[in-house]
Amino acid sequence: MADKAPFYITTAIDYVNGAPHLGHAYEKILTDVMARFKRLDGHEVMFLTGTDEHGQKVAKTAEANGREPKEFCDEISLKFREMGPQLNLSYDDFIRTTEERHYEASKTIWQKIKENNPDDIYLDKYAGWYSVRDEGYFTEDELTEGVDSEGNKHKVAPTGAPVEWVEQSSYFFRLSAYTDKLLKLYEDHPEFISPDSRRNEVVSFVKGGLQDISISRTNFDWGVPVPDDEDHVMYVWLDALTNYITGVGYPDVNSESYKKFWPADFHVVGKDIIRFHCVYWPAFLMAANLELPKRIFAHGFINVNGQKMSKSVGNVVAPKDLLDAYGLDQTRYLLMREVSHGQDGNFSHEYAVQRINSDLANGLGNLVQRTLSMIYKNCDGAIPTPNEFNADDKLLLKKAHEHLIRDIRPDCNEMRFNRALETVWKLVIEANGYVDAQAPWTLKKEDPERMKTVLYVLAEVIRVLGLTVQFVVPDAASKILDQLKVAEDQRDFSFISADHMLVGGTEIDQPEGVFPRLETDKAA
Ligand code: MSP
């Protein structure tokens with residue numbers, strides 16, 4: 001039932017210079033959770049992700065592996081694409097920047113900038129610092145002195161990546177002409193960058209004055225050729241950022257998908273790449289006379305046992321390690337519950353097991369298991385028909401039907417999923433408390449009719465919880481809803497109301513556990 005405004009959300013597209021790790025997985029799950037929430041809440045959603053395949057970093061890694069760049073990209077891109085089924089990502093399209101459609105879009109945006117603002121692209125010579133790892137230019141005053149693993153001193157970018165001195169003929173983009181327009185954008189649309197801490201960071205960077213940026217390279221050829229000058233390839237970030245419009249049909253600005261979905265509602269990216277998204281991207285779009293995305297959300301980094309993930313520390317976690325140890329939905333829940341809005345998150349095994357067992361196995365899982373088992377055994381395997389609801393029943397049902405989605409929606413719309421889940425689990429805790437207080441096992445002998453009402457209330461609250469948690473734990477939620485025989489076409493949020501309650505007499509299957517308890521040793 002998609003009756004609200006179309007919603008377009010993207011993730012960063014990942015470099016294909018290594019296998020996906022937990023950080024990539026976190027970003028994709030975070031975006032997927034938002035996309036699913038919006039679909040369930042009645043929006044037609046377009047969710048785009050993909051791989052960023054050009055540039056010196058990828059070319060160098062391919063060469064180090066003795067491979068042709070395209071062949072290397074094909075192999076690594078597949079590993080990122082496979083995160084889709086592995087993590088149950090509901091993306092609608094997976095874009096590769098080596099696709100023909102993207103070449104066309106990238107060349108067109110270049111031409112449009114030139115056509116609309118002929119002074120904005122000019123040929124000159126670049127002489128300055130470049131970090132291949134960041135694929136970014138840095139000024140002298142941003143650099144610090146670093147020491148590499150062999151003890152050699154060299155200059156490093158703020159990200160810790162070494163920089164090299166580059167001198168070459170290059171096209172430039174007149175970014176300096178956009179300082180005031182960008183500051184006005186941040187001023188007029190404070191929501192453009194969130195969280196606020198990142199917004200402040202960007203504003204102070206732009207206030208410091210912008211320099212024109214080099215947007216083409218001549219010392220390698222792994223990129224989109226610059227229109228009318230085949231000696232140059234485009235700077236990888238200009239091509240990469242353009243993926244967000246390629247994905248909805250650019251350069252065909254009259255296509256149905258472009259008209260429907262551009263401008264994007266959310267670009268979800270890591271905190272390390274806000275300069276590209278919040279400064280360069282809107283400036284490129286302004287220069288090309290295209291609309292700007294509505295919001296950039298910068299998430300934090302996932303650290304492992306309190307440390308930044310790095311190959312040299314040896315603490316890089318592959319998404320598969322977590323899926324094998326905890327299960328898919330458990331991993332999705334853990335990441336969404338543990339990481340606060342825009343903050344760094346820490347992964348540690350001990351805490352993960354504790355969280356999964358307390359919230360999923362003992363919390364929601366136990367609520368579903370004990371309720372459905374009691375119904376199956378004591379109500380002839382069918383949802384009981386309730387008698388009159390008392391005040392406690394009515395209060396619990398009201399919280400489920402009227403408060404739950406209303407309470408979590410503002411947090412979800414701001415991507416504060418940790419808070420939204422905390423709210424959902426308050427209801428899980430209340431429902432478990434209701435089971436204990438009502439003690440249906442005692443009612444079984446003393447007042448079997450009241451027992452039926454209590455079990456009905458619980459089943460109905462579980463239906464609502466099952467519908468609600470679909471955006472975070474889709475498989476487990478389906479299991480819950482399947483067990484309650486909720487029809488497939490009655491699973492969006494519009495069915496969370498007293499008008500769509502379970503029908504007494506509906507037969508259910510023998511209940512199966514939804515979230516097994518993790519054994520600490522096995523998971524380790
Ligand atoms: N290719 C660029 C993005 C281009 S978007 C037009 C890039 N790729 S990346 O592979 O280096 O990173 C992809 C995304 O993963 C980025 O948003 C980055 O911030 C995120 N992460 C990389 N490591 C991460 C963590 N440890 N934790 C969370 N996210 C992290 O940048």
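Three strands make up an open sheet with mixed pairing, in the order β18-β17-β19. Strands here are DSSP runs of E with at least two residues, helices are runs of H or I with at least four residues, and both are numbered from the N terminus. Two strands count as paired if DSSP finds at least two bridges between them. At the edges stand β18 (307-308) and β19 (345-347); each has a single partner strand, so one side of each is left without a neighbour in the sheet. Strand β17 (residues 302-304) pairs with β19 in the parallel sense, over three bridges. Within that pairing, I302 has G345 in β19 as its bridge partner.

A word on the model before we go on. This is a predicted model, in which local features need pLDDT of at least 70 and side-chain atom pairs count only at pLDDT 80 or more, while totals for chains, interfaces and linings use all residues. Residues are numbered from 1 along each chain as its sequence is written, and side-chain values use heavy atoms, with hydrogens and water left out.

**Other strands**

Another open sheet of three strands runs in the order β12-β14-β13, and its pairing is antiparallel. Its edge strands are β12 (216-217) and β13 (225-226), each of which pairs on one side only. β13 meets strand β14 (residues 229-234) in the antiparallel sense over two bridges, and V226 stands opposite D229 in β14.

Strand β1 also has partners to look at. Strand β1 (residues 4-11) pairs with strand β3 (residues 43-52) in the parallel sense over five bridges, where F7 has V45 in β3 as its bridge partner.

**The ligand and its surroundings**

Where does the ligand sit? The ligand is in the largest pocket. A pocket is found on a 1 Å grid over the protein atoms alone, as an open set of points where a 1.4 Å probe fits, with protein on both sides within 12 Å along at least five of seven lines. A molecule sits in a pocket if more than half of its atoms lie within 2 Å of the pocket's grid points. The elements giving two or more residues to the shell around the ligand are β2 (14-15), α1 (22-40), α8 (236-246) and β15 (266-270). The largest share, five residues, comes from α8.

There are 24 residues around the ligand, and I13, E27, D52, D272 and I302 come nearest. A residue is counted as near if one of its heavy atoms lies within 4 Å of the molecule. By class, the shell has 12 nonpolar, eight polar and four charged residues. In this scheme Ala, Val, Leu, Ile, Met, Phe, Trp, Tyr, Cys and Pro are nonpolar, Asp, Glu, Lys and Arg are charged, and the others, Gly among them, are polar.

| Protein atom | Ligand atom | Distance |
|---|---|---|
| I13, backbone N or O | nitrogen | 2.8 Å |
| D52, side-chain N or O | nitrogen | 2.7 Å |
| G270, backbone N or O | oxygen | 2.9 Å |

The protein covers 93% of the 660 Å² of accessible area that the ligand has on its own. Accessible areas come from the Shrake-Rupley method with a 1.4 Å probe.

**Backbone details**

Most residues other than glycine have a negative phi, and most peptide bonds are trans. A cis peptide bond joins S194 and P195, with omega about -5°; P195 is in the loop between β10 (193-194) and α7 (196-207). The bond from Y250 to P251 is cis too, with omega near 10°, and P251 belongs to the loop between α8 and α9 (256-261). D380 is not a glycine, yet its phi is positive, about 55°. D380 lies in the loop between α13 (349-378) and α14 (391-413).

Technical notes: A polar contact is a pair of N or O atoms within 3.5 Å; within protein, one must be able to donate a hydrogen and the other to accept it, and residues adjacent in sequence count only if both atoms are side-chain atoms. On a 1 Å grid over the protein atoms alone, a cavity is a set of points where a 1.4 Å probe fits but cannot get out, and a pocket is an open set with protein on both sides within 12 Å along at least five of seven lines; lining residues have an atom within 4 Å of a point.
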